[in-house]
Amino acid sequence: MTSGATPDATAVDSSLSSVEAYRTAILAAIAPLAPASLELAAAEGCVLAEDVTAAVALPSFDNSGMDGYAVRAADVAGAAEDSPVSLPVTGEVAAGDIGAHRLAPGTAIRIMTGAQLPAEADAVVPVEWTDGGAARVAIRRAAEHGNAVRYAGGDATEGETLLTAGTRMRPMQIAVAASAGRSAVTVRPRPRVVVLSTGDELTEPGSPLVPGRIWDSNSYMIAAAAREAGAIAYRRSGVPDDPKGVLPALEEQLAHADLLITTGGVSMGGEHDVVKAALRELGTVTFRKVAMQPGMPQGFGVIGPGGAGGVGAQGGAGGVGAERGVPIFTLPGNPVSAYVSFQMFVRPAIAALQGADDLSLPSVRATLTGPVRSPSGRRSYLRAVLDGSKVTPLSGQGSHQIAYLGRANALIVVPEWETRLPADDEVEVLVLP
Ligand code: AMP
Ligand code: MG
């Protein structure tokens, strides 16, 4: 059976949220950041909160599309290889020249790419069709009316909408805004994301390791993933497993964060799950089991002034204050779980903070090169190598196996109702950024 089949009702566990339901609830709780006017150079990666219109037509004047000679098409109509037309060259116009040039009948004006077309000229003969002469030019080929001419308004008309609100400012859109004469644009800025890793076992990379400790990879990985998703990210590593330390560490970050992410301290281990213990008290963060592997234990909510409750929180909890609450994700500690959870839930949330929905991972279909297994009732995201239309599951699928994660470029999606898929089955594959 392929993964496109219908779900088996017996595979649904009501104590688990589906991936979609969980993501939908998160996105519903996220309000976009307030728009701000940013200089064009700072707007890359931000999302427009206004339409950008053309201040002038693009181009704003008729100009040459090539280096050559401005002519009247009628004057060169008879030109051919064996019977060139010879015209006197009466001047030259370069890109940026603002002087008025007028082409007299039976003459040519040397012209450069981007230079204004002289009045009365209606075609440009590329220099390649000529002998390149300075005083006189021999033209070996006829140019039709409008040849190599870029007409005013040929790209956009004055007042035309060039970019609409909601568009992400990638390099192309930055160019469009600049071409429209804009030095600043109103955008939803890049969200500021603070990543805190928790755990007594964590040691900063670069420091010596003693048995029982590990180097902190999550805070680096998740901060990098947040940056990759367009955020400005900061990391605060190694928050100790002390219930009294977690809230102050989070509170310290509230003022300069639009989104908080913790890793670790949310599994089922009781007193060592300090993030869960500390945030549960606030009543605005909800902890859920999501029907996925890896990444089953998840937590989301809004904290700080205006914190309005976690996913699925019913009424009452949290403030009704006008002040901004900060969304918080509590990701599992296992690095692969943290990574997959980030891509499934945090990445779209970063887009939502910018009023956008363009950050879901690209999904393709590919053929399995080997069989895969998956727990019943949970959707698996298996680390894999996608190569064209073939996808190879990696052998190390443990949620602690960061070395295997480092070899992956894709995730194979195995639906909740499948427990095994044979080689050669076609599957959904998410392409990792
Ligand atoms: P926890 O969710 O805190 O119970 O952690 C689950 C597993 O993830 C444990 O093996 C932790 O040592 C590991 N882990 C937690 N935080 C990190 C981190 N920042 N970097 C690497 N591994 C981590
Ligand atoms: Mg821990």
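The paragraphs that follow treat the ligand site, the backbone and selected residues in turn.

This is a predicted model, in which local features need pLDDT of at least 70, side-chain atom pairs count only at pLDDT 80 or more, and totals for chains, interfaces and linings use all residues. Residues are numbered from 1 along each chain as its sequence is written, chains are lettered from A and ligands numbered from 1 in the order in which they are written, and side-chain values use heavy atoms, with hydrogens and water left out.

The ligand site comes first. Ligand 1 is surrounded by 15 residues, of which the closest are Glu201, Asp216, Gly265, Ser267 and Gly333; a residue is near a molecule or strand if one of its heavy atoms lies within 4 Å of it. This shell divides into three nonpolar, ten polar and two charged residues. In that division, Ala, Val, Leu, Ile, Met, Phe, Trp, Tyr, Cys and Pro count as nonpolar, Asp, Glu, Lys and Arg as charged, and the others, Gly among them, as polar.

The space taken by ligand 1 is the largest pocket. On a 1 Å grid over the protein atoms alone, a pocket is an open set of points with protein on both sides within 12 Å along at least five of seven lines, whereas a cavity is a set of points where a 1.4 Å probe fits but cannot get out; lining residues have an atom within 4 Å of a point. A molecule sits in a cavity or pocket if more than half of its atoms lie within 2 Å of its grid points.

Polar contacts are pairs of N or O atoms within 3.5 Å; within protein, one must be able to donate a hydrogen and the other to accept it, and residues adjacent in sequence count only if both atoms are side-chain atoms. A nitrogen atom of ligand 1 lies 2.7 Å from a polar side-chain atom of Asp216. A polar backbone atom of Asn218 is 3.3 Å from a nitrogen atom of ligand 1, and a polar backbone atom of Gly333 is 3.2 Å from an oxygen atom of ligand 1. Taken alone, ligand 1 exposes 480 Å², and the protein buries 77% of that; these accessible areas come from the Shrake-Rupley method with a 1.4 Å probe, and for residues only the protein chains shown count as cover.

Most residues other than glycine have a negative phi, and most peptide bonds are trans. Leu58 and Pro59, however, are joined by a cis peptide bond with omega about -15 degrees. Pro59 belongs to the loop between β3 (52-53) and β4 (63-64); helices (H or I, at least four residues) and strands (E, at least two) are DSSP runs, numbered from the N terminus. Another cis peptide bond, with omega about 0 degrees, links Gln293 to Pro294, and Pro294 is in the loop between β19 (292-293) and β20 (297-303).

Ala148 is not a glycine, yet its phi is positive, at about 55 degrees; this residue lies in the loop between β9 (136-139) and β10 (149-150). Asp424 likewise has a positive phi, of about 80 degrees, although it is not a glycine. Its place is in the loop between β27 (420-421) and β28 (426-431). Asp424 counts as exposed because its relative accessible area is 62%, where buried means under 20%, exposed over 50% and partly exposed in between (1.4 Å probe, protein chains only).

Which residues illustrate burial and exposure elsewhere? Leu353 lies in helix α6 and is buried, at 2% relative accessibility. Ser360, in the loop between α6 (335-353) and β22 (363-368), is exposed, at 54%.
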